[in-house]
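Student: Could we go through some of the labels attached to this model, and check each one against its cut-off?
Tutor: Gladly; let us take them one at a time.
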Amino acid sequence: MARNEEKAQSMLNRFITMKQEEKRKPRERRPYLASECRDLADADRWRGEILREIGVKVAEIQNEGLGEHRLRDLNDEINKLLRERSHWERRILELGGRDYSRSSNAALMTDLDGNIVAIPNPSGRGPGYRYFGAAKKLPGVRELFDKPPEVRKRRTRYEIHKRINAGYYGYYDDEDGVLEPLEAAAEKRMRDEVVTEWHRVERVRREAMKNVVSGEVAAAGGRGGEAAREVLFEEVEEEVEEERRLEEERMEREKGEEAGREFVAHVPLPDEKEIERMVLEKKKKELLSKYTSDTLQGEQKEAKEMLNVQR
C-alpha cells in the first residue's frame, strides 16, 4: 500500500491539483492605499486581515531570544500595521460603515508592569509610536518607562502656617456636636463624685466634732473612729505644717545664735541703733550740704559747740 507522500506525488494527483488552481481566481492583493477601495465589505475584510497580521507579529515579538535587530524590525512592522489599520478605519467610516476609532485603544501605552503610562511621543519617531513585548526591554527603551524620582519640595514656614486655622487649635471641636454630649456626661459624673465625697466628709466631720465635744474621740474605735481621725487630720494638717515650718526656722535661728556666740570680737562693734543713728546723721549732712551754704553750716556748727550739742 502506497504512503500519503507517494500518493501526493503521483501524476494523477498533481494533475488534479493543477486543474483546481486554474479554476481559482488569482489571489487578490490588499490595495496600497485605503482610498482606492470602493466597497464597504472589502474594506472590512482588509481591516480584518490587518488585525490578524498584527496578532501574529505581537505574539512573535514576545520572544526575547530573537535578538535586538529582529525585535526592532518587528516593532516597526507592528506600528506600520497599526497606522494602516487606522487608515482603513477612516475609509470604512467614509463609506458609511462602523466607527471603529471609538473602541480603539491605540493611544494607550503600558510599561513593563502593565500599567498605562502617558507617553505621547517617547521615542521621537513620530506621534503614537508604541513598543510591544520584548521591545520594551531593549537598550534605550527601558529608560523611557522609568519614572523619574520624585523630588520632595521642602515647604516654607509661610506655606505651613497658611493651612493652620482655628480648627488646628481645637476651636471648631464643639461645632460638630459630638464632643459636647461626651463632655457633659463626664462632667456630670465627676460632679456627682465630688458632691458625694463632700457629703461623706461633712457627715464624718460633724460626727467627729460631736465626739470631740463629748470627749469620746480618743475612746472611739472601729470604722467611725478611723473616719473621725481622718477628718480631724485633714482639718489640722495645715496647722501642723505651719508649726513644723516655724519649728525649723527657730532651730536654724538658734544654730545661728550659737555660731554667733562662738565668735569673739576684740574691738567694740556698734549695735543696730548706733548704725541707724550714723546712717541718719550721714543723710542729714548730705541734705545740708546740698541745700545750705557754707556760711550757714559754719554758724550752725558754732552754735552746737556753744550749746555743747553732740548731734
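Student: Why is Arg30 called partly exposed?
Tutor: Its relative accessible area is 23%. Buried means under 20%, exposed means over 50%, and partly exposed is what lies in between, with a 1.4 Å probe and protein chains only. The value for Arg30 falls in between, so Arg30 is partly exposed. Keep in mind that this is a predicted model, where local features need pLDDT of at least 70 and side-chain atom pairs count only at pLDDT 80 or more, while totals for chains, interfaces and linings use all residues. Residues are numbered from 1 along each chain as its sequence is written, and side-chain values use heavy atoms, with hydrogens and water left out.

Student: What makes Glu49 and Arg30 a salt bridge?
Tutor: The term asks for a side-chain nitrogen of Lys or Arg within 4 Å of a carboxyl oxygen of Asp or Glu. The closest N and O atoms of Glu49 and Arg30 are 3.3 Å apart, so the pair qualifies. Glu49 lies in helix H3 and Arg30 in the loop between H2 and H3, so the pair ties together parts that are 19 residues apart in sequence. Helices here are DSSP runs of H or I with at least four residues, strands are E runs of at least two, and both are numbered from the N terminus.

Student: How do you know that Glu53 also forms a salt bridge with Arg30?
Tutor: Their closest N and O atoms are 3.4 Å apart, and that is within the 4 Å limit. Glu53 is in helix H3, so this pair ties together parts that are 23 residues apart in sequence. Glu53 itself counts as partly exposed at 27% relative accessibility.

Student: Why is Glu84 called buried?
Tutor: Its relative accessibility is 18%, and the cut-off for buried is under 20%. Glu84 is in helix H4 (residues 68-94).

Student: What makes the link between Glu84 and Arg30 a polar contact?
Tutor: A polar contact is a pair of N or O atoms within 3.5 Å; within protein, one must be able to donate a hydrogen and the other to accept it, and residues adjacent in sequence count only if both atoms are side-chain atoms. The side chains of Glu84 and Arg30 are joined at 2.9 Å, so the distance meets the limit.

Student: How do you know that Lys137 and Glu64 form a salt bridge?
Tutor: Their closest N and O atoms are 2.8 Å apart, again within 4 Å. Lys137 lies in the loop between strand S2 (116-117) and helix H5 (142-145), and Glu64 in the loop between H3 and H4, so the pair ties together parts that are 73 residues apart in sequence.

Student: Why is Glu64 called exposed, while Lys137 is called partly exposed?
Tutor: Glu64 has 51% relative accessibility, and exposed means over 50%. Lys137 is at 40%, which falls in the in-between range.

Student: What makes Arg30, Glu49, Glu53 and Glu84 one network?
Tutor: Salt bridges that share partners join them.

Student: Which residues have the most contacts inside the largest nonpolar core?
Tutor: Ile61 and Trp88 do, in a core of 22 residues. Such a core is a set of buried Ala, Val, Leu, Ile, Met, Phe, Trp, Tyr and Cys residues joined through side-chain atoms within 4.5 Å. H4 gives the largest share, seven residues.
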